[in-house]
Amino acid sequence: MMPPLVAIVDIYRKADGRTFHLWLPIVLLWLLFLPLVLLLLPIVIIVGLIAGIQIFAAMGAMLRVLNGLNGTNVEIDQAGRHIVIHLV
Amino acid sequence: MSENRRQILEMLSQGKITADEAERLIAAVEKEPAGATGPGTDAPRTEKLKYFRVVVDAIDPKDGPTKVNVRVPMQLLRAGVRLTSFIPPLARERMNSAMKSKGIDFDINQLKPENLEDLIEQLNDFTVDIDHEDAKVRVFCE
């Protein structure tokens, strides 16, 4: 399983019947975070050793949380607008 | 008539649930394999929960009728529970005492990855219905 790569946002305006269909590439966000994670890794390892936390296991668990976001769906219908956000 | 069906119809006649909810519950009861709820049946349910759902149907004073429908994969819940095992003991104690001060008798130490599947299995029967004059909230798993 992978973290969500794309956020699909659909906005439908009932007043004029217009639909906006957006594909937001979250994968770019992960790519931006990757160098930051690599830079911070030594500091995180040291802090983990001091605090007695298994850093790699914790990171694995955090990755699973990110993976778990895959398939999240939020729908909002309000004031003539219908918004759907779907993570895939 | 089965016991479950009779209870659902009683709840409907008492006005505790709506006709739609009764229909859904009866459908769920009928779908359940025979003997699955009987005593001594430890066979796992074939239907695995996939999503945690929150449905809100409210009337916003500013924007009028509002519907919110959130579907979170159960995988996220599983991962979240696994993440709790990395909470330092001191933080766990603080969380427990904070919850106790709010009247919630819950021990975060009991939330272990090995108990995870049992916990999720129990969510099969978990439903929260809040029926307020301005909002209806339903939390359930499917």
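**Ground rules**

I'm working with a predicted model, so I kept in mind that local features need pLDDT of at least 70, that side-chain atom pairs count only at pLDDT 80 or more, and that totals for chains, interfaces and linings use all residues. Residues are numbered from 1 along each chain as its sequence is written, while chains are lettered from A and ligands numbered from 1 in the order in which they are written.

**Chain A on its own**

I started with chain A and found two helices and four strands. Helices (H or I, at least four residues) and strands (E, at least two) are DSSP runs, numbered from the N terminus.

Next I checked burial, where a residue is buried if 20 or more other C-beta atoms lie within 10 Å of its own, exposed if 12 or fewer, and partly exposed in between, with C-beta atoms placed from the backbone. Chain A has 88 residues, and 3% of them are buried.

Then I looked at contacts, meaning pairs of residues whose C-beta atoms, placed from the backbone, lie within 7 Å. Of the chain A contacts between residues at least 6 apart in sequence, 50% join residues at least 24 apart.

**The sheet**

What is the order of the strands in the open sheet? I read it as S2(A)-S1(A)-S4(A)-S3(A)-S2(B)-S1(B)-S4(B)-S3(B), eight strands with antiparallel pairing. Two strands pair if DSSP finds at least two bridges between them. At the edges I found strand S2 (18–25) of chain A and strand S3 (127–131) of chain B, each pairing on one side only. From one strand to the next, the twist averages 5°. For angles like this, axes are lines fitted to C-alpha atoms (for helices over the stretch in contact), and angles run from 0 to 180 degrees between N-to-C directions.

I went through some pairs one by one:

- S1(A) and strand S4 (residues 81–87) of chain A are antiparallel over seven bridges, and Val9(A) stands opposite Ile85(A).
- S3(A) and S4(A) are joined by six bridges and run antiparallel; here Gln78(A) faces Arg81(A).
- Strand S3 (residues 73–78) of chain A pairs with S2(B) in the antiparallel sense over six bridges, with Asn73(A) opposite Arg71(B).
- In chain B, strand S1 (residues 51–60) and strand S4 (residues 135–141) run antiparallel with seven bridges, and Val54(B) stands opposite Val139(B).

Helices lie on this sheet too. Helix H1 (residues 26–51) of chain A packs on it, touching strand S1 (6–13) and S2 of chain A, at about 25° to the direction of S2(A). Helix H3 (residues 74–84) of chain B also packs on the sheet, touching S1 and strand S2 (64–73) of chain B, at about 65° to S2(B).

**Where the chains meet**

I counted 20 residues of chain B in contact with 20 residues of chain A. On the chain B side, S2 and H3 each supply at least two residues, and S2(B) gives the most, with nine. That side divides into nine nonpolar, five polar and six charged residues. Here Ala, Val, Leu, Ile, Met, Phe, Trp, Tyr, Cys and Pro count as nonpolar, Asp, Glu, Lys and Arg as charged, and the others, Gly among them, as polar.

Helices meet here as well: H2(A) and H3(B) pack at about 160°, with their axes 8 Å apart. They are therefore roughly antiparallel (under 35 degrees is roughly parallel, over 145 roughly antiparallel, 65 to 115 roughly perpendicular, and the rest oblique).

**Two residues**

Val65(A) lies in helix H2 (residues 55–68) of chain A. I noted it as partly exposed because it has 17 C-beta neighbours inside 10 Å. Across in chain B, Val65(A) touches Leu76(B), Ala79(B), Gly80(B) and Leu83(B), leaving out residues up to four places away in sequence. Val65(A) and Pro3(A) are 62 residues apart in sequence, yet 8.5 Å apart in space, C-alpha to C-alpha.

The hairpin has two residues between the strands. Ala79(A) counts as partly exposed because 14 C-beta neighbours lie inside 10 Å.

Key
Contact = placed C-beta atoms within 7 Å.
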